Amino acid sequence: MVAQTDEAPAPANSEPPAVVECERLTKVYRKRLAARSRSVCALREVSLSVRRGQIVGLIGPNGAGKSTLLNLIAGLIVPTEGTITVCGHPARSVKARDGLGYMPEHPAFLGGYSARATLRYHGALLGLPGDALAAEVDKSIQQLQMQDFVDRPCADFSQGMKQRLALGIAMMHDPQILLLDEPSNGLDPVGIIQLRDLLTQLGEAGTAIIISSHRLGELERLTSDYLFMHHGRIVPWTGRTTPGQEGCLRVGLLSGGNEIARTLLPASRVVEASETELLLAVSDPAEVADLVAELARGGARITRVIPQTADIEEVFMRLCQEGT
Amino acid sequence: MRIWELMKETLWRREYLWIVHVIWLACYGGFWWLLVPDPEEFGNFLFLWGGVLLPLALSAGIMGDDIASGRICVLVTKPFWSGKLYLYRLLGLSLQGAVHFALAGVLVLVLHVITGKSTMAGVGRWLLSAWLLFNTFAALSTSLSVVVKRAHNSLLLFVATLTLAVVAGMLLHSLQGHVLEPLVTGFFRYPFPPLELLHHLGKGDYTKETLTVGGWQVATSVACVAHSVLLTAVYAGMGILLLTRREFLSQRE
């Protein structure tokens, strides 16, 4: 769990230090020259804490406040209320930006610059000296497999090439926190797999990563830390299990499924039953071994056991419906 | 490295900017070659063509392009004071202007030597005043670009300059001999781009004049240069203030 709507959890001593801390963030966009009723509250009293090495998936329907939250952490906009610290410094300060890498949803580059020139340009803006700059540029090209198009002008780039280059720019100088807005947009399947591996490596190396994405399946493979946002709030899931922890167990049998369900199992456990298959409710993965052993002792001839966890899409839909 | 990349970017951010320089230089050469102007005629042409129109052409969308494309969102997350983004780009424009006017000087010198036409007297003064005017317009245009999307800053500044010139001309003409004339003249002369003062500087009107400032005798030409540099700094300061306080949305605008 990474976030609470009202109070951030107190860090335990063994936990890595927080890289991003937001307290009661509220952001109201006011339309200029418009009546007060035209104000839009994009974020309401959001508190969260992201620690070193943590990969956080930011998900929610359109207009939920995901981009606003990313923009606030990146220092692109100023909160109406609340405070943000990035790497221990107030967001928008030069020191906070020193540890920050940001990749926007729609990366844009100078059309006449090549990928190499663009990387060199951004490296220079980061203050890297000559030798370190050249090494950093080469590292980015290797890491993101940009060799094929590194000397072509950015004006000719496909969306996938732009995404790779933008990611390379965000990752230069090994930031402590990476903010990624839809990073897999336009990437081919190989690119998506490479991106996932790369982000996993970065997370293991201690980089905190916040990813806003609508590709729930991709996020699910990368992390189990999610922030569900809806109507400018983080939707709380206190008392519930996180995606992947609740669900069912599908048990295949040679025969006698209905009889076993009636005699061996309580009715609350059985979701569906047929002669060759049982669908059993499981609230904790630790129950699975005991349940299978009990069925085997009762004479069930088991052919297969398949855990069916609630995936992120189901939880997302449920939370959205509850939020509405 | 950072300052050089940001200065260099002002020339390479659009692919046609070097062509603008070439066209402008060709116009100076053509004007000198074909019309055989006296130094003041050439100075007037250089002053308006290079001092007013060149900075507008070079600074079109200098910030607005980045704001419209969303590129600014990555630039302002870099670990340096955002004001430097403005400052170094303005320095880049100023450097382009300096090289441009130096090349213009070399060009007319070569033409003068080859053809033996006209005279070079006073051309250096005109080049200096054109460059000073270039800087004030570049600063004003860059500041406008912080709040105006895409390349509309240049068009807006061009229209505003024309309008202001017409309004000032009409107003001062109608106030000739009136008690308010010095006040209105001062209003138009000092806070706006110093077209009139730098034009006098280029013509050499201030060569032998001096001003008394706080008991000190100051050459009028020096005061005129100082005023133009101060105005450039004020226009740039306003732009930096706007840029560092502005919020940027990550969506393309």
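A residue is buried if 20 or more other C-beta atoms lie within 10 Å of its own, exposed if 12 or fewer, and partly exposed in between, with C-beta atoms placed from the backbone. The views below come from a predicted model, where local features need pLDDT of at least 70, side-chain atom pairs count only at pLDDT 80 or more, and totals for chains, interfaces and linings use all residues. Residues are numbered from 1 along each chain as its sequence is written, while chains are lettered from A and ligands numbered from 1 in the order in which they are written.

**View 1**
B:M1 belongs to the segment before α1 (2-12) of chain B. Helices (H or I, at least four residues) and strands (E, at least two) are DSSP runs, numbered from the N terminus. Why is B:M1 partly exposed? B:M1 counts as partly exposed because it has 16 C-beta neighbours inside 10 Å. Two residues are in contact if their C-beta atoms, placed from the backbone, lie within 7 Å. Neighbours within four places in sequence aside, B:M1 is in contact with A:A124 and A:L133. B:H178 is 177 residues away from B:M1 in sequence, and their C-alpha atoms are 56 Å apart in space.

**View 1. The contact between chains A and B.**
Chain A brings 27 residues to the contact, and chain B brings 22 residues. On the side of chain B that touches chain A, α1 and α5 (72-75) of chain B each supply at least two residues. The largest share of that side, three residues, comes from α1(B). Ala, Val, Leu, Ile, Met, Phe, Trp, Tyr, Cys and Pro count as nonpolar, Asp, Glu, Lys and Arg as charged, and the others, Gly among them, as polar. The side of chain B that touches chain A has 10 nonpolar, eight charged and four polar residues.

**View 2. Helices α2 and α3 of chain B.**
Axes are lines fitted to C-alpha atoms, for helices over the stretch in contact, and angles run from 0 to 180 degrees between N-to-C directions. Helix α2 (residues 17-35) of chain B packs against helix α3 (residues 39-59) of chain B at about 170°, with axes 11 Å apart. That angle makes α2(B) roughly antiparallel to α3(B). Angles under 35 degrees count as roughly parallel, over 145 as roughly antiparallel, 65 to 115 as roughly perpendicular and the rest as oblique. Residues of α2(B) in this contact include B:W24, B:F31 and B:W32. Those of α3(B) include B:F42, B:F45 and B:W49. By class, the contact of α2(B) with α3(B) has 14 nonpolar residues, one polar and no charged.

**View 3. Helices α1 and α6 of chain B.**
The axes of α1(B) and helix α6 (residues 82-115) of chain B lie 8 Å apart, at an angle of about 55°. The two helices are therefore oblique to each other. α1(B) passes α6(B) in a right-handed crossing; a crossing is left-handed if the near helix is turned anticlockwise from the far one by less than a right angle, and right-handed if clockwise. Among the residues of α1(B) that meet α6(B) are B:I3, B:L6 and B:M7. The contact of α1(B) with α6(B) divides into nine nonpolar residues, three polar and three charged.

**View 5**
Two strands pair if DSSP finds at least two bridges between them. Strand β8 (residues 177-181) of chain A pairs with strand β9 (residues 208-212) of chain A in the parallel sense, over five bridges. There, A:L180 stands opposite A:I211. Nine of the nine residues in α1(A) (66-74) are buried. Just after α1(A), A:G75 takes a positive phi of about 80°.

**View 4. Antiparallel strands around β14 of chain A.**
Strand β13 (residues 270-273) of chain A runs antiparallel to strand β14 (residues 277-282) of chain A, joined by three bridges. These strands form a hairpin with three residues between them. A:V270 stands opposite A:L280. Strand β12 (residues 247-253) of chain A also pairs with β14(A) in the antiparallel sense, over six bridges. There, A:V251 stands opposite A:L278.
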